[in-house]
Every structure is written in structure tokens, then in C-alpha cells.
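Subject: Structure handover

Hello,

I am passing a structure on to you. Please open it before reading the notes below.

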Amino acid sequence: MSSADEPKDSTPEQPAPQQLVFQPSRLTILAVVAFCVFAVPFAFGAPWLWLVYLLPVALVVWIVRVRTTVDPESVTVRRVLGGRRVRWDAISSLRLGKKSRVSAILNDGEELPLPAVRVRDLPVLAVVSGGRFTFPTDE
């Protein structure tokens, strides 16, 4: 069969990624920097108002630190202070919360929020999990 006979819309099958990292957008740091620039007149207008810069510093630390890493064996949640790694065997289900947030329900009933994972990420999460859970499709 020649290449002219092949359908144009066929795409090569891509292997599932071995690890996937969900994290807040780094572009948010640009907004934090803009806040710092615009806060200069306020911050130096009176004594102790320079403390307003603690908020953007804390926000940048949160943006850089917080993430959820998923691989076929486990889910790793990293927070600003500390983190936790949970094997897929210890997760009984996923809970879809308000504002399209996702949490893992552990076998002992504990709920583990998955930072930066949203409902729209569930299809790719199902693939990376190695089939540990399935995502309903429209088929």
C-alpha cells in the first residue's frame, strides 16, 4: 500500500508518559511581579507597609513548590511544607469536588487533595495510572 492510499487523518500511536506532573502555571509569577511593581508607592508610603511584599513572596513559594506527580506506581503530593507519596493500591477512588478540584479517597477513608489536578485532567491521569481507574468516555 502506498503512502497516497493511507488516510490523511491517521496519527501515530504515542506511548503513555511514564510520569506526569501537575503544577500551578508558572505564568502566575508574572502577575505577582506586576503586583510588586504596582505596590511600590503603597509599600513605602508609611512605616511597616513594606510588609505587603510578604504576600507575593509567599505566593511565589506556593507556585514553585506545590505539585502532584503521577506515575504508574504512585501519586506524590507536594505541598509548601511537606508532602506525601501514596501507592495506587491505597487509593480506592477519586472525588470530584467544587471548582473542578480532584481528591484521592484512600482505602482508610482519608481524603487526599491533589493540588493542580482538575477534572479536565482525568483522561490523561487515567492513562498514566496504568489502568488503575478508567475514565468514562462518550463512545
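Here is what was found, from the overall fold down to single residues.

Please keep in mind that this is a predicted model.

**The chain as a whole**

The chain has 139 residues, and 26% of them are buried. Its secondary structure comes to four helices and seven strands. Along the sequence, the pattern reads β-α-α-α-β-β-β-β-β-β-α.

Start with the open sheet, which is formed by four strands. Their order is S1-S2-S3-S4, and the pairing is antiparallel. Strand S1 (20–22) and strand S4 (83–87) stand at the edges. Each has a single partner strand, so one side of each is left without a neighbour in the sheet. From one strand to the next, the twist averages 15°.

Now look at S3, which covers residues 74–78. Five bridges join S3 to S4, and the two run antiparallel. For one of the partners, find Thr76: its bridge partner in S4 is Arg85.

**The core**

Which residues have the most contacts inside the largest nonpolar core? They are Ile91, Leu114 and Leu125, in a core of 19 residues. Several elements each supply at least two residues of this core: S1, S3, strand S6 (101–106), strand S7 (111–118) and helix H4 (122–128). H4 gives the most, with four residues. As background, nonpolar side chains tend to be buried together in soluble globular proteins.

Ile91 deserves a look of its own. Leaving aside residues up to four places away in sequence, Ile91 touches Val75, Val86, Ala104, Ile105, Leu106 and Asn107.

Next, go to Gly130, in the segment after H4. Is Gly130 buried or exposed? Its relative accessibility is 60%, so Gly130 counts as exposed. Then find Pro72. Gly130 and Pro72 are 58 residues apart along the chain, yet their C-alpha atoms are separated by 5.1 Å.

**Aromatic pairs**

The model has two aromatic pairs. One of them is Phe44 with Tyr53. The ring centres of Phe44 and Tyr53 are 6.4 Å apart. The planes stand at 45°, so this pair is tilted. Phe44 itself counts as exposed, because its relative accessibility is 62%.

**Backbone angles to check**

Most residues other than glycine have a negative phi. Two residues here are worth checking for that angle.

Ser100 has a positive phi, near 60°, and is not a glycine. Look for Ser100 in the loop between strand S5 (91–96) and S6. With a relative accessible area of 29%, Ser100 is partly exposed.

Ala116 also has a positive phi, of about 70°, although it is not a glycine. Ala116 sits in strand S7.

**Where to begin**

First, view the open sheet in the order S1-S2-S3-S4. Next, go to Ile91, one of the residues with the most contacts inside the largest nonpolar core. Finish at Gly130 and Pro72, with their C-alpha atoms separated by 5.1 Å.

Best wishes

Terms used: Residues are numbered from 1 along each chain as its sequence is written. This is a predicted model: local features need pLDDT of at least 70, side-chain atom pairs count only at pLDDT 80 or more; totals for chains, interfaces and linings use all residues. Side-chain values use heavy atoms; hydrogens and water are left out. Two strands pair if DSSP finds at least two bridges between them. Axes are lines fitted to C-alpha atoms, for helices over the stretch in contact, and angles run from 0 to 180 degrees between N-to-C directions. A nonpolar core is a set of buried Ala, Val, Leu, Ile, Met, Phe, Trp, Tyr and Cys residues joined through side-chain atoms within 4.5 Å. Buried means under 20% relative accessible area, exposed over 50%, partly exposed in between (1.4 Å probe, protein chains only). Contact means heavy atoms within 4.5 Å. Rings of Phe, Tyr and Trp (its six-membered ring) pair if their centres lie within 6.5 Å; planes under 30 degrees apart count as stacked, over 60 as edge-to-face and the rest as tilted.
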